[in-house]
Amino acid sequence: MTLRWICALLLVMSQLISAQPGFGQATAPTPSPITGYSSQSSAPESDWEKKFQSGISPENIRENMRRLSARPHHVGSPYDKDNAEWILSKFKEWGFEAKIETFNVLFPTPKVRLVEMLQPTRFQAKMQEPVLPVDPTSGQTDEQLPTYNAYSIDGDVTAPLVYVNHGNREDYEQLDRLGISVKGAIVISRYGDGWRGIKPKVAAEHGAIGCIIYSDPGGDGYYKGDDYPAGGWRPREGVQRGSVMDTDYPGDPLTPGVAATTDAKRLSIKEAKTITKIPVLPISYADALPLLSALKGPVAPDSWRGALAITYHIGPGPTQVHLKVASNWDIKPIYDIIGTLRGSDGGQQWVLRGNHHDAWVNGADDPISGQAAMLEEARMLGELHRQGWTPKRTIIYCAWDGEEPGLLGSVEWVENHLDELKTHAVAYINSDSNERGFFFPGGTQDLQTFITGVTRDIQDPETHTSVFQRSHLASIAKAKDAEERTDLRKRSDLLVKAVGDGSDYTAFQDFAGISTLSLEFGGEDDGNQYHSIYDDFYWYTHFADTDFSYGRALAQIAGTAMMRLAGADLVPVDYSPQAEAIAKYETELEKLLKDKQDEFTERNLELQEGVFTATADPRKPSVPPPVETVPPYMNFSPMKNAIELLKKSSERYAKALSDWHAKGSPALSEQSLQHLNSDLLKISRLFLNEKGLPERPWFKNQIYAPGAYTGYGAKPIAAVREYMDAKKWKEADEQIPQVAQAIENAAAGINKAAEDLENAQTR
Ligand SMILES: [Zn+2]
């Protein structure tokens, strides 16, 4: 799509949208009360929100970042603790009750790292990111963690090298077709297309004995733009550190399901399922280039090629590699800083907000861009409190430690406070890295209407339209086809995307069944130094959100959302978008089944006809795909029936809510409110099944979970979907009734809340 076309589209759409009643802000003559607010409480809330928004200072966010990213601050480092104490003192200074909660977790740091090529020539990888004179913190070498992948098992292996593209399951199917096995080999995979931890996991499942992951310049280097320091992109010797912990459960590997307190019962390292099966190391493309250019064997398929000036071969041979990894397997303290602003309800209901503070190195972008904005929110809420504002519900700000190794701080904290959270938590709002660009929220869709309402009230700093308007139009521009565009044009809300386990919302959503939002701006970055020593203050202030105006917008959105959630008479949830999303996930399962039935039927027919052998180049190695069992019928009707109930109850609740607002939003009696709110807050818990997912019992949520083979991204209805992806159709079919049961439970909960609201007494 050309730029001119996009501009024309933006213009037309903005005219169309502002012409619709109730859509743009300009057409609303008198402000209607905020959803969930009574007529008495709505106007003062709006005044406080405006005060809050105008008080957020980009300068303060910049200074927060300068302070927090001044030195490397990974788990167990002196500056990690120093930052924690500084954040604690700030929370206290701003009027929060604050404390540090400490846990003791397994955190390996590198002892031996070796990648050397033995054949056909000798080469030893440097694995060292150079100091750049222009970048002042790049020289803090004494405190920097060397480049490595945390939770790689120790190992010392020598073997032929095989290039496996991104190292996903589909890549290995392609290798099978080429007749190439990785059994006994060391694989080299490029970063990207899925989470890094999947690469060694799938490699080990296919018999590989070692795994090297490199950053191809096609992913985040010179192919994208000028590299650092002339531009913002990853330089020749830049390396992406990162955890490769397996996806069975997040958090401390030694204490699954329980908090890593001093006296917790711990597994031995050998028993910990989340440590990799084979040794792994990450390297730069400067270090990968000699290895890859020496490879022979078949030329890699088109889609497997990166942006290096070589012909990409797969191998194996003649490249022979020696890989050696050993870590210090130490238990390290992590520091979660918890700041509480007590609500007038005496702590009955909690609204939580979090962002991690630990980084791989200086971490200006990841995570300080989000942390610095979150702290500015907290400062301003403290300021409002001083001026006389008190939230109805209790507000809890959390600065997590240990997110980078495996969501350690947030997971251990949620495991430690599980019962209280289940009783009190209304919602959890997360942020992490924040950059320039568009706003696409993730989380649970019961908060979709709510967060859309907030984004209508916040301005995009560079285009001066509302954040809502810009993101709404961007979603149309990004739509994959005409049908999707038509659908999006009809919407008056932003779609909330399901999230899996990419950041600290994981334990809240997947384990404790708490409604979540994950908030960030992005998509217009001028570079990427993810998990490298160059993700620092100099880089961020030259190539990312240089004036912190998007940091300000993030603080305005998240802080306003906190105030609104904490102050509303009725918890401002709307279940219709969630019912719609769950219905869509179910449709996707049915479509997947149908697609696989068609695909395998066709493939088996072609095998019978001899299509593969007849069309393969006889001079090149090629293996026909295996005969597949065509998937049998699966009975989705229990799930479909449950979703119908969910839709009906959601509509009933929405109607009760709009009837209340239509009557002028009269204040409700204390007793009715208490009854209704405590019912509302439990509804998201009803999606849990205490047994958890069939092969990953830590994950309790039957709707929202990450994929075992995708990582980060969500795989909704994973109990069924994971088995389908593994071609275990019968097992998948057997999971349907219990997912349906969870949906039915939620529908019943929503019905109860609707009844409460229909019968609520006014004051
Ligand atoms: Zn992060």
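What spacing do the donors of the zinc ion follow along the chain? The spacing is H-x9-D-x65-D, in a predicted model where local features need pLDDT of at least 70 and side-chain atom pairs count only at pLDDT 80 or more, while totals for chains, interfaces and linings use all residues. Residues are numbered from 1 along each chain as its sequence is written, and side-chain values use heavy atoms, with hydrogens and water left out.

Because H356 belongs to strand β10 (residues 350–356) and D366 to helix α9 (residues 364–386), the pair ties together parts that are 10 residues apart in sequence; helices (H or I, at least four residues) and strands (E, at least two) are DSSP runs, numbered from the N terminus. The zinc ion has as protein donors H356 (NE2), D366 (OD), D432 (OD) and D432 (OD), at 2.0 to 2.6 Å, where donors are N, O and S atoms within 2.8 Å of the metal (3.2 Å for Na, K and Ca). H356 and D366 are both buried, that is, under 20% relative accessible area with a 1.4 Å probe, protein chains only.

Elsewhere, S243 sits in strand β7 (residues 242–243) and counts as buried because its relative accessibility is 4%. The side chain of S243 reaches the backbone oxygen of P405 at 2.7 Å.

As for confidence, pLDDT (the predictor's confidence in each residue, from 0 to 100) has a mean of 94 over the protein, with 96% of its residues reaching 70 or more.

Conventions. Buried means under 20% relative accessible area, exposed over 50%, partly exposed in between (1.4 Å probe, protein chains only). A polar contact is a pair of N or O atoms within 3.5 Å; within protein, one must be able to donate a hydrogen and the other to accept it, and residues adjacent in sequence count only if both atoms are side-chain atoms.
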